[in-house]
Amino acid sequence: MSYGVLQERDWNALADEEFRALVRADFEAHYPQALRYAPRRLRWHEIRDWYLRMAKKGWIAPNWPAEYGGMGLAPAKLLIFIEEQERFGIARFQDHGVLMVGPVLQRFGTEEQRRRFLPSILDCEHIWCQGYSEPGAGSDLAGLSTRARREGDHYIIDGHKIWTTLAQDGTHMFVLVRTDPDAKKQDGISFLLVDIKAPGITVRPIRDMAGHEEFCEVFFDGVRTPVANLVGEENRGWTIAKSLLTFERIFIGSPKLPEYGLAVLENLARARGVLGDPLFRDRFAAVKLDVVHLGDLYARFAATLVRGEALGPDISMLKIWATETFQRIAELGLEVAGDYGGLSGEVSIGDADIDVLSLFYKSRVPTIYGGSNEIQRNILARQVLDLPS
Amino acid sequence: MSDDTLSMLANAAAAFAKPDSKRLRAARASATGFDRKIWREMAEQGWFSVLVPEAQGGLGLALDAAAAIAGRIGYAAYPEPFVAASVLSTAALTRGDNPALAASLLDAVACGERIVTLAWQNDAGEITPQSTGVRARDAGAARMLSGSCRFVRVAAADTFVVAAHVPGGLALYAIERSRAGLVIETEAAADGSASARLVLRDVAVSAGDCVATPACADAALAYALDAAILCSAAELTGIMERVLELTFEYLRTRKQFGKPIGSFQALQHRAVDIWIQKELSKAALAAALKRFDAADATPQQRSLAASSAKSRAADAALTVCKQAVQLHGAIGFTDEYDLSLYFNRALVLAAWLGNGATHRRRHDALSQSLALSGEAA
């Protein structure tokens, strides 16, 4: 069977810069100005029109092979596509279906699962959420305790997931569940697909410090999901979960967000009249170089991908440097803001309207998610520096 | 230059220059701070002509070749002044406008027979050609140079190429150390090398001594300084590599409380952070070399690239060395342990040709002016 809409052309046949220009022109012509660099994750009703357009155009899944309805982009082109999205400040939607479920089903799923789920990801009918973290399993993810026991053709799930991004908008969830409580902890985990509307599921949004509701708790109370929704083999879910952490890890280290942060900081400093102040200048120069060197480091990893090689565990340093650089920028912004640093939302400072706090809030989370920076340092210490455990 | 050629060169450099602390300590105790015999062996490797165009009898390689050698010299903590007496001088000599003089000096440098360095700086924190403290006074047909230059890295040089303000701009003059009117005051550097302050009192020079006239001296010196700044960043990166090796090995083997201290998370995280600084320095250096060597690079873009790499490498090297001492404990602060050789070298190289703060300021100023003129930074 064929998936999604037919691609207009073979994108990989274009020169890199030609492809970049084409993507950039499309985004600039069609993406709503008001949604650029959104201060928070947008809800589905806010960003739906854009992604339905992308679906119709066949651009919803740039990372999938064309045979499954994706754009089929080679690494160099995919990096360009994502860089251009970031450069223009295009808001993400709840894209776990595209980023995670699709690639997992293409690699580990059955033909039946692919037919059942891939088309609905491509046309945005299904919005997928990730059920990984639990109240008792954060950095120690493999210690998760949500249980699934087999009963005939179904699994019965009981437990509690947390930090599930935008589950209020989700229609489906992929969850890591414990199917063998007696095995070594990584060996008793399975990867299940669940319909969020199934009886026994309760979604409760969590209000964060910035006043937004970007993540949720999800309770499972005797939830039934068909055995046909098991991906891969029973008790082999950990391998699948880990396989998702390869390619995507470079994006969390992209310099685009810190570059945007620098631009906001510069506007703020101008509005506050300190752009020429030597004290500010020296610190601004330092964070500017931090971003330049982040770009240099990112280019090194991007080149690895473009050569078709796999990323190693050293990619963790990119996440650390990108997210902590972004924090330093936002913290300098807060300091420059002075009294304005206590006002929320867009604040008028001189002739400019600047949202001081959203940048600051936004910078606090990336050092925690995707494996906290402390976990990244553990990984580097053991796997790259070869320090003893 | 191609990755293959570069890695061949790096391998050859690695085979030649190995850490040998006994030799380093002996050299440190000598008057010049380095070993002329090793200097001649380095010449035999062809290292002193890598930056000399083929038309002038050299290898005609790009700056990344010199940086690869400098990186290895840093790793082995060689005190022989490759950057100061080869990169800096050959990059300037090849851009002058006195081919006969340049040819004879370049030949003498290439074979290791003569040590030539540049004297161009009057005060700390200066990194522009115009900062020389030497001026010309014309008396009839004769030209006399007077003034002083400081932070000349190689006090033992046979020939100093001195930048001087002359009518019409800046000029470079080659002056042998024995020339009348030249006084060489040495200052001891932290790593055991001898730095010099040159004082010139009516040193008579002729057109035959002039390496570069005002037509090209400023550009030649600016190019040479940026090239040397980048290579000093490379040398600092090599130092970081070796210091991290020593430190990680210590963390793996030193036991306290019945365990290797490298198993403690507090120390692991510090180790990771200094390792990241080294990786950033490497990435910044590689990117800067590419920008520096680009065919269409403007002088401003070359300076921007040099400042980007040196600002990171200088600060990172000091951070790495300071943390390395802390991670070792008291043994790390002894002269007897090899870390001291690297730390003191890092102090000298970080300070020379502009420290981290100086380059951060220059990078900021240049990136603002490039942004204003609409050039890509």
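Trainee: Is B:Phe257 buried or exposed?

Mentor: B:Phe257 counts as exposed, because it has 8 C-beta neighbours inside 10 Å. Please keep in mind that this is a predicted model.

Trainee: Where is B:Phe257 found?

Mentor: It sits in the loop of chain B between β9 (255-256) and β10 (259-260).

Trainee: And what is the phi of B:Phe257?

Mentor: Its phi is positive, about 55 degrees, although B:Phe257 is not a glycine. Most residues other than glycine have a negative phi.

Trainee: What about A:Trp163, what is its phi?

Mentor: A:Trp163 also is a residue other than glycine with a positive phi, in this case near 65 degrees. Its place is in strand β3 (residues 154-165) of chain A.

Trainee: Buried or exposed, that A:Trp163?

Mentor: A:Trp163 has 20 C-beta neighbours inside 10 Å and therefore counts as buried.

Trainee: Let us stay with strands. Which residues cover the two sides of β1 of chain A?

Mentor: In strand β1 (residues 128-131) of chain A, A:Trp128 and A:Gln130 lie on one side, while A:Cys129 and A:Gly131 lie on the other. All of these are buried, and both faces of the strand are covered. Side chains alternate between the two faces of the sheet in a regular strand.

Trainee: How many bridges join β1(A) to β4 of chain A?

Mentor: Four bridges link it to strand β4 (residues 172-178) of chain A, and the two run parallel. Within this pairing, A:Cys129 stands opposite A:Met173 of β4(A).

Trainee: Changing topic: how is chain B divided?

Mentor: Chain B has domain 1 (3-115), domain 2 (118-212) and domain 3 (217-372). The C-alpha centres of its domain 1 and domain 3 are 21 Å apart.

Trainee: How many residues are in contact between domain 1 and domain 3 of chain B?

Mentor: There, 22 residues of domain 1 of chain B are in contact with 26 residues of domain 3 of chain B. On the domain 1 side, α2 (21-29), α4 (63-76) and α5 (82-93) of chain B each supply at least two residues. The most comes from α4(B), with ten residues. By class, this side of domain 1 of chain B has 15 nonpolar, four polar and three charged residues.

Trainee: And how is chain A divided?

Mentor: Chain A comprises domain 1 (11-93), domain 2 (128-235) and domain 3 (245-384). Taken over C-alpha atoms, the centres of domain 1 and domain 3 of chain A are separated by 22 Å. Eleven residues of domain 1 of chain A are in contact with twelve residues of domain 3 of chain A. The domain 1 side of that contact divides into six nonpolar, one polar and four charged residues.

Trainee: Last topic: what does the secondary structure of chain B come to?

Mentor: Chain B has eleven helices and ten strands. Of its 377 residues, 51% count as buried.

Key: Residues numbered from 1 in each chain as written. Chains lettered and ligands numbered in written order. Predicted model: local features only at pLDDT ≥ 70, side-chain atom pairs only at ≥ 80, totals over all residues. Buried ≥ 20, exposed ≤ 12 C-beta atoms within 10 Å, placed from the backbone. Pairing = 2+ DSSP bridges. Domains from an automatic or database assignment. Contact = placed C-beta atoms within 7 Å. Nonpolar A, V, L, I, M, F, W, Y, C, P; charged D, E, K, R; others polar.
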